[in-house]
Amino acid sequence: MKPLVGITMMTAMLLVSCAPTTDRVLDTGDETQLQKRSYQSRVFDTSDREKVLRATISTLQDLGFVIDRADSILGTVSGTKFEGYQIKITVSVRPKGNDRMLVRANAQFNITPIDDPKQYQEFFASLEKSLFLVAHEVD
C-alpha cells in the first residue's frame with residue numbers, strides 16, 4: 001500500500017510543478033507585448049473611420065509603400081516597400097468609443113518584426129499630418 005501512496009504523491013507533485021511552468025509560458029513577454037502595443041498604437045480624435053483609412057493609405061504611399069490590400073470592412077491596410085530590402089506593414093483602424101479611432105501599425109523588415117519605437121513614431125507623425133490636411137481640406 002505504501003508504494004501506491006508514493007506513486008500518487010509523485011504524480012501529484014509532478015502535476016503541481018507543471019502548472020507554474022505553463023503559467024510562465026503563457027505570461028512570457030506580457031510586458032514586452034504591452035510596450036510594443038503602446039508604441040504601435042495611436043488614438044485619433046475623429047469618428048470618421050473612412051477618413052482615417054484614406055489618410056493611412058496616403059501616408060503609406062507618401063512613405064514609399066505600395067498598397068497591397070485595403071479593406072474598409074475590416075479596417076485594414078497592408079503595404080510593401082522595396083528598396084533593396086522589404087518592409088511590410090499592416091495598419092488596422094477601429095473605433096475606440098464613439099468619437100475616436102484607434103490606429104495600430106505592425107511592420108516587418110524582411111521577415112523580422114520591427115521593434116524600434118522610432119519607426120512607428122515617424123509613421124504616426126506622418127499620419128497625423130495627413131489627417132490634419134484632410135480635416136482642413138488641404139491638397
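A salt bridge is a side-chain nitrogen of Lys or Arg within 4 Å of a carboxyl oxygen of Asp or Glu. The exercises below apply this and related criteria to a predicted model, in which local features need pLDDT of at least 70 and side-chain atom pairs count only at pLDDT 80 or more, whereas totals for chains, interfaces and linings use all residues. Residues are numbered from 1 along each chain as its sequence is written, and side-chain values use heavy atoms, with hydrogens and water left out.

**Exercise 1. Overall architecture**

Task: State how many helices and strands the chain holds, give their order, and state what share of the residues is buried.

Solution. 
Step 1. Helices (H or I, at least four residues) and strands (E, at least two) are DSSP runs, numbered from the N terminus. The chain has 4 helices and 6 strands.
Step 2. Read from the N terminus, the order of elements is α-α-β-α-β-β-β-β-β-α.
Step 3. Burial is assigned from relative accessible area: buried means under 20%, exposed over 50%, and partly exposed in between (1.4 Å probe, protein chains only). Of the 139 residues in the chain, 27% are buried.

**Exercise 2. Salt bridges**

Task: Determine how many salt bridges the structure holds, and describe the pairs D115 with K36, K88 with D68, and D71 with R69.

Solution. 
Step 1. Side chains of opposite charge can pair when their charged atoms come close. The count for this structure is 3 salt bridges.
Step 2. In the pair of D115 and K36, the closest N and O atoms are 3.5 Å apart. D115 lies in the loop between β6 (112–113) and α4 (117–135) and K36 lies in helix α2, so the pair ties together parts that are 79 residues apart in sequence. D115 is partly exposed, with a relative accessible area of 40%, whereas K36 is buried at 18%.
Step 3. For K88 and D68, the closest N and O atoms are 4.0 Å apart. This pair links distant parts of the chain, with K88 in strand β4 (residues 86–95) and D68 in strand β2 (residues 66–71), 20 residues apart. K88 is partly exposed at 35% relative accessibility, and D68 is partly exposed at 45%.
Step 4. D71 and R69 have their closest N and O atoms 3.7 Å apart. Here D71 counts as buried, at 17% relative accessibility, and R69 is exposed, with a relative accessible area of 54%.

**Exercise 3. Aromatic pairs**

Task: Give the number of aromatic pairs, and classify the geometry of Y39 with Y120 and of Y85 with F109.

Solution. 
Step 1. Rings of Phe, Tyr and Trp (its six-membered ring) pair if their centres lie within 6.5 Å; planes under 30 degrees apart count as stacked, over 60 as edge-to-face and the rest as tilted. By this rule there are 3 aromatic pairs.
Step 2. The ring centres of Y39 and Y120 are 5.6 Å apart and the planes stand at 45°, so this pair is tilted. It links distant parts of the chain, from Y39 in helix α2 to Y120 in helix α4, 81 residues apart. Both Y39 and Y120 are buried.
Step 3. For Y85 and F109, the ring centres are 5.4 Å apart and the planes are at 40°, so this pair too is tilted. Y85 is in the loop between β3 (76–82) and β4, and F109 is in strand β5 (residues 101–109), 24 residues away. Y85 is partly exposed, with a relative accessible area of 29%, and F109 is partly exposed at 39%.
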